[in-house]
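Let's walk through this structure together, moving from the overall fold to a few side chains. Please keep the 3D view open as you read.

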Amino acid sequence: AVVAKACEYLNDPPLIYIGNKMSCLKMKKLERPEPPRKKNVLLRLYYLIAEILAYSVEYLVPFLRRLTSVGILFYLALGTFTLTENNLAAQGSYVIIAGFTLSFVKASLERLIPTLLKYGLTGVYFAISSAQGKATKINMIARTITGQVLSGSTAAALTSGCILTAKWASIVNAIIISSSVGYGFSILTLVINALMEGKPPEVGAPPKKNMMQLVMKIFASVFTGGGLGVMVVYAGETGLWLESQETDAFSFQNKAGSRWTARDSIGLTALIIVLQFVVLRVILVEDRQPLDEQQLDRLPRWRSSPTLIVLRSIQFFPGFAAIPTCTLISTVMASWLADPLGLTPLYQQILLLILGVVLANISALTIHRLMDSFPQLMGFFSCVLSACVLCPWNFLFGAFTA
């Protein structure tokens, strides 16, 4: 009965179907529209990424779900027919762990992974719409939130890593300080972009390129990213040497512990500057949006700027909630990834940065989408709270409960 019930669940989607009665299981190939043949390399790259994400949602994810179902069925049969009193301690724990892991993968492939891929596809769609001059005001606000969270979560994750690496404060204080620094850095980024915004283009006219705006954003990226880079340098071996003036190499290496080298500090600083330039130049909106005469009569002029809308309206809330989430994730995961993966301090910090930024952007865009539905928003926060409380105790149980 257990195996039969598992077969019923694991047959979604069916591993193989031969027949004509169930039309919902038959694939129909649609005509693929040809993308515009333009010389814009960036636009063609966007179309390529969009096709990869779309094919992954439609074909790769269902294929992986079928493989996972077969794996779960195999381990279910293995545990049912091969376990005895003699091998229960060794093989029993192996079968249970493998079954829970595959079940978690299958559940992720049913909801989490397709949602992440669709989020990525939506982001590429926003980029294509912006490049073609067809982006709407709602898309502009989502872009602005994405840029704010990318900038702030990068600063928060690096600040947390610096504090824990150099042992400047405890974990609780590191979360509080890093969250404050990250959110303040995101506000600074939005203020800089608001000061450099161009005038609204004429209706139907493409946005004009401003060389002075480009130069100023390069300078702002170097200035803001370099400010974080100073902290990164002081958290590494260079800062330890400036503090201790240690001349013995062996004693200095013992004191350094998990601090990154001077070369690693330069690499992280360059990464911060590049990400900040991408946020200011590519993600955030560079020009105000035109308002018609009716909107000018009933709306203040700052409503033409997506950056000011995020700064001065309730749209600040997604970034305000997502950046501390990134800090919490990067701080908690730092202790988990230290021993099992055996990564160098630089690679560990980059991995934590990627995890924090990705999850922070997912949280921010989810909150932005659920702003008009209070019950769903509360359900989302309940999910995040359950994961944060239960995952440190048991990752699989916390993930399933959330």
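A contact here means heavy atoms within 4.5 Å. With that cut-off, residues 24 or more positions apart account for 73% of the contacts in the protein chain that have a separation of 6 or more. This is a predicted model, in which local features need pLDDT of at least 70 and side-chain atom pairs count only at pLDDT 80 or more, while totals for chains, interfaces and linings use all residues. Residues are numbered from 1 along each chain as its sequence is written, and side-chain values use heavy atoms, with hydrogens and water left out.

The secondary structure of the protein chain comes to 15 helices and 0 strands; these are DSSP runs numbered from the N terminus, with helices being H or I of at least four residues and strands E of at least two. The chain averages a pLDDT (the predictor's confidence in each residue, from 0 to 100) of 77, and 72% of the residues score at least 70. Where pLDDT is low, the predicted coordinates should not be read in detail.

Now let's turn to the interior. Of the chain's 402 residues, 39% count as buried, which means under 20% relative accessible area, with exposed being over 50% and partly exposed in between (1.4 Å probe, protein chains only). A nonpolar core is a set of buried Ala, Val, Leu, Ile, Met, Phe, Trp, Tyr and Cys residues joined through side-chain atoms within 4.5 Å. The largest one has 21 residues, and Ile145 and Val149 touch the most other members. Two or more residues come from each of helices H4 (137-166), H5 (171-196), H9 (262-283), H11 (306-312), H12 (317-337) and H13 (345-369). H4 gives the most, with 5 residues. Apart from this core lies another, of 12 residues, among them Cys162, Leu228, Val232 and Leu268.

What surrounds Ile145, leaving aside its neighbours within four places in sequence? Its contacts are Val310, Gln315, Pro318, Ala364 and His368. His368 is found in helix H13 and counts as buried because its relative accessibility is 17%. The side chains of His368 and Gln315 are joined by a polar contact of 3.0 Å; such a contact is a pair of N or O atoms within 3.5 Å, where within protein one must be able to donate a hydrogen and the other to accept it, and residues adjacent in sequence count only if both atoms are side-chain atoms.

In the loop between H11 and H12 you will find Ser313, a buried residue at 14% relative accessibility. A polar atom of the Ser313 side chain lies 2.3 Å from the backbone oxygen of Ile309. Beyond residues up to four places away in sequence, Ser313 touches Arg303 and Leu308.

Finally, the aromatic rings. Rings of Phe, Tyr and Trp (its six-membered ring) pair if their centres lie within 6.5 Å; planes under 30 degrees apart count as stacked, over 60 as edge-to-face and the rest as tilted. The whole structure holds 7 aromatic pairs. Tyr75 and Tyr94 form an edge-to-face pair, because their ring centres are 5.8 Å apart and their planes are at 70°. This pair links distant parts of the chain, with Tyr75 in helix H2 (residues 41-82) and Tyr94 in helix H3 (residues 88-131), 19 residues apart. Tyr75 is buried at 18% relative accessible area, whereas Tyr94 is partly exposed at 46%. Tyr183, Phe316, Phe317 and Phe320 form one aromatic cluster.
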